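Trainee: Take me through one part of this model at close range, please. Stay with that part and what surrounds it.

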Amino acid sequence: MAEAATTSKGALKTRFYSHATLECFDIAKTRAFFEEFLGFDTVQMADVSFWARMGGDQVIVVVKSPTGRKADMPFLNHNGLDVATDAEVDAAWEIVQRDKEKWGIQKVTKPMVQHGTYCFYMTDLDGNIWEILSNPEGGYSWGFKRGDQTGKGHMARDYDRPVTN
């Protein structure tokens, strides 16, 4: 068996960003939210956890809070879910408005251009924040194609962002 190649330029020689972790209060409710509302593939990995993925090999490990308490996710630590067009952002916002009581969704912002993309934010039943945003194929990989930015960069409202489909 061949060894996996490292891709990191860093001292640790890591090769892949494999996962992030979120806490939840109720595994069954949160798994249903991930599958039926957000559209993730999930797999139950233990009585107190499941893994979720969408569109790639990176997963979110969702773990039931061992204390039954957790702090709400700070706004800047949100999770992004891409759609192809601004119109799809608006359609997703309408669906969130329609279904927010069913899924325990709170604090839904209005769609607007922020940090170089058209988006809105919502807080889920576990206090985790999700951003629904229009992005071209490949998500934010376009930033690496453009290279280092100066000034406000993609944070400016009038930033010349890539065109979505």
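Mentor: Start with helix H2, residues 86–103. Among the elements lining the second largest pocket, H2 gives the most, with five residues. A pocket here is an open set of points on a 1 Å grid over the protein atoms alone, where a 1.4 Å probe fits, with protein on both sides within 12 Å along at least five of seven lines; lining residues have an atom within 4 Å of a point. Helices (H or I, at least four residues) and strands (E, at least two) are DSSP runs, numbered from the N terminus.

The model is predicted: local features need pLDDT of at least 70, side-chain atom pairs need 80 or more, and totals for chains, interfaces and linings use all residues. Residues count from 1 along each chain as its sequence is written, and side-chain values use heavy atoms, without hydrogens or water.

Nonpolar covers Ala, Val, Leu, Ile, Met, Phe, Trp, Tyr, Cys and Pro; charged covers Asp, Glu, Lys and Arg; the others, Gly among them, are polar.

Now the partner of H2. The axes of H1 (residues 27–38) and H2 come within 12 Å and cross at roughly 160 degrees. H1 is therefore roughly antiparallel to H2 (an angle over 145 degrees). Axes are lines fitted to C-alpha atoms over the stretch in contact, with angles from 0 to 180 degrees between N-to-C directions. The crossing is right-handed: the near helix is turned clockwise from the far one by less than a right angle. On the H1 side, Ala32, Phe33, Glu36 and Phe37 make the contact (heavy atoms within 4.5 Å). They meet Ile95, Val96, Asp99 and Trp103 of H2. This contact has six nonpolar, no polar and two charged residues.

Next, the largest pocket, at about 610 Å³. Of its 22 lining residues, Phe40, Met54, Gln58, Gly80 and Leu81 are closest to the centre. Strands S3 (49–53), S4 (59–64) and S5 (79–83) each give two or more. S5 gives the most, with four. The classes split into 11 nonpolar, eight polar and three charged.

Notes. Angles under 35 degrees count as roughly parallel, over 145 as roughly antiparallel, 65 to 115 as roughly perpendicular and the rest as oblique. Grid points are joined across faces, edges and corners, and a volume is the space filled by probe spheres set on the points.
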